Amino acid sequence: KITKKPRTMQEVVEEENNVVVAGEIVGFRERELRTGAVIVTVLVKDDTDGLLAKVRFGEGKNNNDLAKNKEEATAFQKKLPIGAKITMQGNIMVDKYENSELIMMPVKSIMVEPKEELMDDAPVKRVELHCHTKMSKMDGVTPIEELVRTAAKWGHKAVAITDHGVVQAFPFAYKEIQDKKLDIKLIYGVEAYLCHAVTDKKNYHIIILAKNIEGLRNLYKLISLSHLQYFGGKPKRPRMTKELITQYREGLIVGSACAAGEVFRAILNGAPQEDLEEIASFYDYLEIQPLGNNRYLLNDDYYPEIKTKDDLINLNKKVLALADKLGKLTVATGDVHFLKAKDNLLRRILTVGVGYPDVEQAPLYFRTTEEMLAEFDYLGKERAYEVVVENTNKISDQVEKFKPVP
């Protein structure tokens, strides 16, 4: 048993004996030596850095039975699956075989720690209708397969995939469900770029979900046309006009999307009620999101009137009131861009890489039902339950189960 307190991997900076670190196993490498020994390299990471730990099977001149050593190495790796949380103790040394990197060898002790798994314990689960996988170029980092596995493990009956302008994630998500026999429905969708005229450089975000096979065909047509005939704007993107969406709207559900959506922007810009109602009438449902998603507005000089948390709350309440006036559903979505809250750094790196300022990353992670209900508690218990659980399930119930490639 290891009793010494672990240090962060970032603090491992020199050769030292009896160092203790804790982290998650992310992979293995195996190498056979001419002596018959086998070396297993364990790749471990914590929230600060990564470390290689090497374990040797077969010591001394007389222990050169390669088959036996390989068998022991395989058994060792089975005890420590990828994703396992471990604490390990050993000596830190410079390894010339790893480009003079500091590694842990020999490893004197490894303890497997109980893995804390987040679960959704709500009696009735919500449905996430707005989610970006890593197929949202330089924007989303959510692993496709892990997303559907997590949603199914939490007991969610459906999850939507709505990447920016593209649909490449669909086959991977569907295959994961089939291979793992997961009890969950995929909702095939896209967060498209909407323009009112081909010559217009501005665009808005819009969510389009396929209800059935006909809707899926129309979704694919829209995406093809958006790339082939309507590609443009600043920056250049695959766009759609309202006329084009109307032409192929059969079998589709259209949502108002995020703060970059047409409805939310009109509210931000102080459009008259009559104009708001005309704009919102195009959509089948309106969308509101956690306050943290729109926190960036507090520092946006273009909207000096948005300064406090209450201002963000009022924006969501205006969306809700507009939907009520028009008899439309309001749904709460997470606008998921990464799977876990701690993955925010990954997207922050991406956004800086494409030229956005290095600011606080919005909490765009996949939330449980309880987490989402807590986000909207300012609406009151009944109203929060309606937008988080009831209405998301109503949209989901309109969608059939079908293959992404018939």
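Some questions and answers on these topics follow.

This is a predicted model, in which local features need pLDDT of at least 70, side-chain atom pairs count only at pLDDT 80 or more, and totals for chains, interfaces and linings use all residues. Residues are numbered from 1 along each chain as its sequence is written, and side-chain values use heavy atoms, with hydrogens and water left out.

Reader: Which residue in strand 8 is the bridge partner of Glu191?
Author: Strands are DSSP runs of E with at least two residues, and helices are runs of H or I with at least four, both numbered from the N terminus. Two strands pair if DSSP finds at least two bridges between them. Strand 7 (residues 185-194) runs antiparallel to strand 8 and is joined to it by six bridges. Within strand 8, the partner of Glu191 is Ile207.

Reader: Which residue of strand 10 is the bridge partner of Ile208?
Author: Four bridges pair strand 8 with strand 10 (residues 252-255) in the antiparallel sense. In strand 10, Ile208 has as its bridge partner Val254.

Reader: How many of the residues of strand 8 are buried?
Author: Buried means under 20% relative accessible area, exposed over 50%, and partly exposed in between (1.4 Å probe, protein chains only). Strand 8 covers residues 204-210 and is mostly covered. Of its seven residues, the buried ones number six.

Reader: Is Tyr356 buried or exposed?
Author: Tyr356 lies in the loop between helix 9 (344-353) and helix 10 (369-375). Because its relative accessibility is 52%, Tyr356 counts as exposed.
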